[in-house]
Amino acid sequence: MSILISHHKGGIYIKNINDSVKKHLKTGILPALALILTIVLDSVNPFLNRMIIDKALPSRSPKLLLTIVAALVTVTVLRALFGFVKEYLFDRTGTLIYGDLKTVFFDHIQTLSFRYFDNINTGEIMSRMGEDIENIWRSFAFGFRLVAEEALYFILGVTILGYINIKLTLLVLLVLSPIVFLAVKLEKKTDKNFEEISDQTASMNTTAQENIAGVRLVKAFAREKHEIGKFFSENEKNFELNNEGAVIMGHYFPIIELLTNISVIVMIFMGAYFVIHGQMTLGDLAVFSGFIWNLIWPLREIGWLMNMWAQFNASSKKVMAIFSTEAEIKDEGDIPPMDIIGGVEFDNVTFAYNDEKVLKDVSFKVNPGDTVALMGTTGSGKSSVVSLIGRYYEYQEGSVKVDGTDNHSIRLKDLRSAMSIVPQDTFLFSESILNNLKFGAGNPSDEEISEAIRIACAEFVYDFEEGLDTVIGERGVGLSGGQKQRIAIARAIIRRAPILVLDDATSALDMDTEYELLKNLKELDRSRTTFIIAHRISAVKNADRILYLDDGRIKESGTHDELVALKGSYYEIYKDQFRDFEDLEVV
């Protein structure tokens, strides 16, 4: 079973068809032929042994013996050659399918909406993409091929043994028959166990990922011992579940091995009886002794295969659960491309998150090139406003228009390409500063990069020994908060999108740097619409319009002077921040 993503009525559905297998079908033909030839060659040796026992030895013919030995050597060499081809190419095909599964999984993850990632841990996603897809791959690379191989060996063995002596064959099968019943019971027990192991692995990975990501906070609060204990607890649960699986396997495998060993004893005893009574030759018994392993090994492997099937089944369910999650926000039908200038209008917009209303009947209009500032208390809905422009979340009532067009009627690619955002949580990749600056900007010129660095007051990047080629740590580790913000602002400027969003983007800057940066931003082309979310008056004072939000509603709206004259909430913040410096000229 493989995974296929297909588009049907705008949705993504998972179909259990062999899409990846079909894609690499030609790659699998040659190893399949090598597998068949290997099995055929394995079937030759017992008959050559019978010729030695029944013909070469009684006739005392060295020539015949050498001929048979030469045939044995030839078969052995060919068996090794075809075995190599089989193993290498089957593994290669499995690896190709493994790559497909990871690529398709990652592609699907990229289509999912913000809300999905709000409710899932990074560690769980990594567990699904790591251990679970690896279990699926292992089933393709080893499990399914081994099932086919052992099935062919078993069928061939039963056929040949039945031809040699049907009575002895039936006796052996009678002894081995309980193994099938044991395998069914084993699969039922291991299936539940591996589902629990999969969930616990995700939980353990999440604990480790969060602890490593927050290691500075852990050390700052001297909580290393607590975190070690927390991980130990998760790891102990993981151990207990894996130990439970080992106990299950331990109950069944010895019984399976006992039954297969008894079948060999039955074969030797009854085979000798039939030889003594002339119902089969000694050579026939030698052939029977060789081919009985065609029955024994597949049945011995059945427990291991059930174990692998349980892992595959549990992992498939987890991976399928993610694949079956549709993107909450997607293009509605075939929408033509659109060039965006930057006009934005909210008309009685109400937005709820997890059944809690965040925005309530919000209305305002922004002309292209205007600078709009959003202020308000924490949780008043400032970030939600800009998130709705790019349809990162869906509102429930009203409408959001961009250049006079409802944003549901604009392709997501066009809508989001028209926005350049500096988020509250500044994120930088573990790459060079230059690659971080170029992110989402195509191939900017050196002049554009230098100008963006100047505007963002990020000239400090030239002070590093390797300059723009300096590789920064994960999420910008090694840089101060203000340095990260300035690189993020430069990155947003280089993108040259018609809508620029600065979401509390200067909070880590000192007043002098903020002053210079905001002054530089005023030099930008006035065709760029700018949204500034901030808590400091200095960051919003020169905006064309300031919206003060409270409890999801626009409580006050106007210019700086108008809101100061209104003597409302904005004025109170102004007084608190400036006190005796109300006449200070700031940007």
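I began with Arg115, which is buried, with a relative accessible area of 15%. Buried means under 20% relative accessible area, exposed over 50%, and partly exposed in between (1.4 Å probe, protein chains only).

**Ground rules.** I am reading a predicted model, where local features need pLDDT of at least 70, side-chain atom pairs count only at pLDDT 80 or more, and totals for chains, interfaces and linings use all residues. Residues are numbered from 1 along each chain as its sequence is written, and side-chain values use heavy atoms, with hydrogens and water left out.

**Confidence.** I checked pLDDT, the predictor's confidence in each residue, from 0 to 100. The chain averages 82, and 93% of the residues score at least 70. Over residues 1-18 the pLDDT is below 50, and this stretch has 51 contacts in the model beyond near neighbours in sequence. A contact means heavy atoms within 4.5 Å. Residues 580-587 also stay under 50. For them I found 14 contacts beyond four places in sequence.

**Salt bridges.** I took a salt bridge as a side-chain nitrogen of Lys or Arg within 4 Å of a carboxyl oxygen of Asp or Glu. How many salt bridges does the model have by this rule? The count is 16.

Back to Arg115: its salt-bridge partner is Glu328, with the closest N and O atoms 3.2 Å apart. The pair links distant parts of the chain, 213 residues apart. Arg115 sits in helix α5 (residues 114-118), and Glu328 in the loop between α11 (282-323) and β3 (344-353). Helices (H or I, at least four residues) and strands (E, at least two) are DSSP runs, numbered from the N terminus. Arg115 is buried, whereas Glu328 is partly exposed at 40% relative accessibility.

Next I looked up Asp132 and Arg128. Their closest N and O atoms are 2.7 Å apart, in a salt bridge. Why are the two separated by about one helical turn? Because they are four residues apart in helix α6 (residues 122-164). An α-helix has 3.6 residues a turn, so residues three or four places apart point the same way. Both Asp132 and Arg128 are buried.

Then I took Asp550 and Lys555, whose side chains meet in a salt bridge at 3.9 Å, N to O. Asp550 is partly exposed at 31% relative accessibility. Lys555 is partly exposed too, at 49%. I also noted a network: salt bridges that share partners join Lys86, Glu87 and Glu149.

**Helix α20.** Which residues of α20 (residues 569-578) are buried? I listed Ser569, Tyr570, Tyr571, Tyr574 and Phe578. These buried residues pack against β5 (371-376), α18 (537-540), β11 (545-550), β12 (553-558) and α19 (560-566).

**Tyr515.** I found Tyr515 in helix α17 (residues 511-521). Tyr515 counts as partly exposed, at 35% relative accessibility. Its C-alpha atom is separated by 42 Å from that of Met126, 389 residues apart along the chain.

**Cavities.** On a 1 Å grid over the protein atoms alone, a cavity is a set of points where a 1.4 Å probe fits but cannot get out; lining residues have an atom within 4 Å of a point. A volume is the space filled by probe spheres set on the points, which are joined across faces, edges and corners. I counted two cavities of 30 Å³ or more.

Terms used. 1 Å grid on protein atoms, 1.4 Å probe; cavity = no way out; pocket = protein on both sides within 12 Å on 5 of 7 lines; lining within 4 Å.
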